[in-house]
Amino acid sequence: MNAERDRETRSENMTRSRIIAAAIRAMGNRGIAGFTHRAVAEEGRISLASLTYHFESKDDLIDKVSASILDESSADFIALRARVAKEATDRASFADLSTSIIAAAVSEQREGTMAWLELMLHGGRDPEAAARARKWFAALHAIWTEIADLCGQPCPAQAAQSAIDQAAGFILIAIGLGLESQEILDVLRDGADPVTKWNTPARKQPDVTNQAKATPQSKLETKAEQTRRLIVEAAMNCFVEEGMQNVGYRTIAERSGLSKSAPYYYFPKIADLLRQAQSALFEHSKERFRGVLAGTTITDADGLADLTAAILQREVTRFALHNLANFSFWLEAGRDRELVPIVWAAVRDQQEAWLRRLRQAGLQPRPLDALKLQANFAGMCLRLVATESSMSDIAEARRQFRVALQTMGTRPF
């Protein structure tokens, strides 16, 4: 009797494990918006009845996926810590470990990475998801602090936080651009210029940004142009406030005050409307940055650190949802290669902006230095928004930027 009960228990555990593995794939491949019981059943070739028997609600599935990713990543990093403890390590080893993890995250571990990023972004819109994100980042920071210490980092906790943020930012960039692991290693390990190395034909930018720019007061704007602008602005606002999954023709028609058929008439493919909305969102972001920089003189690294921390504070408080929308689009570009040129335009524009700021501060940056700061900013923004962090956490950003500027010209982390 006990043997039969044991077999039943093992069978149930195996079924649950299959379901969780399928759920991770479904979340990575379809995002939170497409994460349903039916999607998980299709990914795992599991009957819908069996799936709902083990996991009644979508929230229960999300919770188990989050726990599984945390447990698996923790086990991997604990094993890494044990390996580092046995080997002779130094600061260069810490940089190499970080680079290798980034390369693996976007190649053989891609589906799990995509699922993790979806969970983190969900934290910016859901308190329970934010609590899960805080738990995940805390566990990761504890393990990486020990690894940093074993690698001889002078301030292990600070080095760990910087490595986590930069890695998260690099992973977002790599996913959004569809980078291969070798492309990442060429830049992060060997120091190649990302603008040259990553500028492939598939990432060439179509001329959509000018079309997406709003010109609300232009007397030269035709009726058709005005209607397109209203549709794009409505899509952008829906994208920001409700998430990409809610950008649909009916919703856009209601938000723009147009007929139900108007959005479809001007944008027969919803993907085209999303591209225009993202381009408009990117233009709004650039305008915000220009507004802060206007009349500001940067003369040294301290001034640049102060300014960057102030911009970050504004972005994760007043414009948190805008950044969630941006990052969500980058993830979607990881699934839809037609969206990659929009992401590449944003990354390249930010790369050039960081180089200008660094030179204004009297520094002599390499291309990799600008990319590091771009990744650091994106990673911090992701973490702070996902975890709904306090102002004290945001204030720590200034110190982190100052350290990053001090270590320019060294290894990536």
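Colleague: Leaving aside its neighbours within four places in sequence, which residues is S66 in contact with?

Modeller: This is a predicted model, and in it S66 touches L119 and R132 once those sequence neighbours are set aside.

Colleague: Where does S66 sit, then?

Modeller: S66 belongs to helix α4, which covers residues 58–86.

Colleague: Is S66 buried or exposed?

Modeller: Buried. Its relative accessible area is 11%, and the cut-off for buried is under 20%.

Colleague: Which other residues of α4 are buried?

Modeller: Besides S66, the buried residues of α4 are L61, I62, V65, I69, L70, S73, S74, F77, L80 and V84.

Colleague: How far apart are the end C-alpha atoms of α4?

Modeller: They are 42 Å apart, and at 1.5 Å a residue the 29 residues of α4 should span 42 Å, so the two values agree.

Colleague: Back to L119 and R132. Which residues of α6 and α7 meet?

Modeller: From α6 you have W116, L119, M120, H122 and G123, and they meet A129, A130, R132, A133, W136 and F137 in α7. Sorted by type, the residues of that contact come to 8 nonpolar, 2 polar and 1 charged.

Colleague: At what angle do the axes of α6 and α7 cross?

Modeller: Roughly 125°, with the axes coming within 7 Å; α6 is residues 110–123 and α7 is residues 127–150.

Colleague: Changing topic: which residues in α12 are buried?

Modeller: In α12 the buried ones are T227, R229, I231, V232, A234, A235, M236, C238, F239 and V240.

Colleague: And what do the buried residues of α12 pack against?

Modeller: Four helices: α13 (249–256), α14 (262–266), α15 (270–293) and α17 (320–333).

Colleague: What span should α12 have at 1.5 Å a residue?

Modeller: With 20 residues, 223–242, α12 should span 28 Å, and its end C-alpha atoms are 28 Å apart, so that agrees.

Colleague: What follows α12?

Modeller: G243 comes after α12, and its phi is positive, near 100°.

Colleague: Zooming out, how many helices and strands are there in the protein chain?

Modeller: The chain has 20 helices and 0 strands.

Colleague: What percentage of the residues of the protein chain count as buried?

Modeller: 50% of its 413 residues do.

Colleague: Of contacts between residues at least 6 apart in sequence, what share join residues at least 24 apart?

Modeller: In the protein chain, 72% of those contacts do.

Technical notes
Residues numbered from 1 in each chain as written. Predicted model: local features only at pLDDT ≥ 70, side-chain atom pairs only at ≥ 80, totals over all residues. Heavy atoms only, no water. Axes fitted to C-alpha atoms, helices over the stretch in contact; angles between N-to-C directions. Helix = DSSP H or I, 4+ residues; strand = E, 2+ residues; numbered from the N terminus. Contact = heavy atoms within 4.5 Å. Nonpolar A, V, L, I, M, F, W, Y, C, P; charged D, E, K, R; others polar. Buried < 20%, exposed > 50% of the residue type's maximum accessible area, 1.4 Å probe, protein only. Expected span 1.5 Å × (residues − 1).
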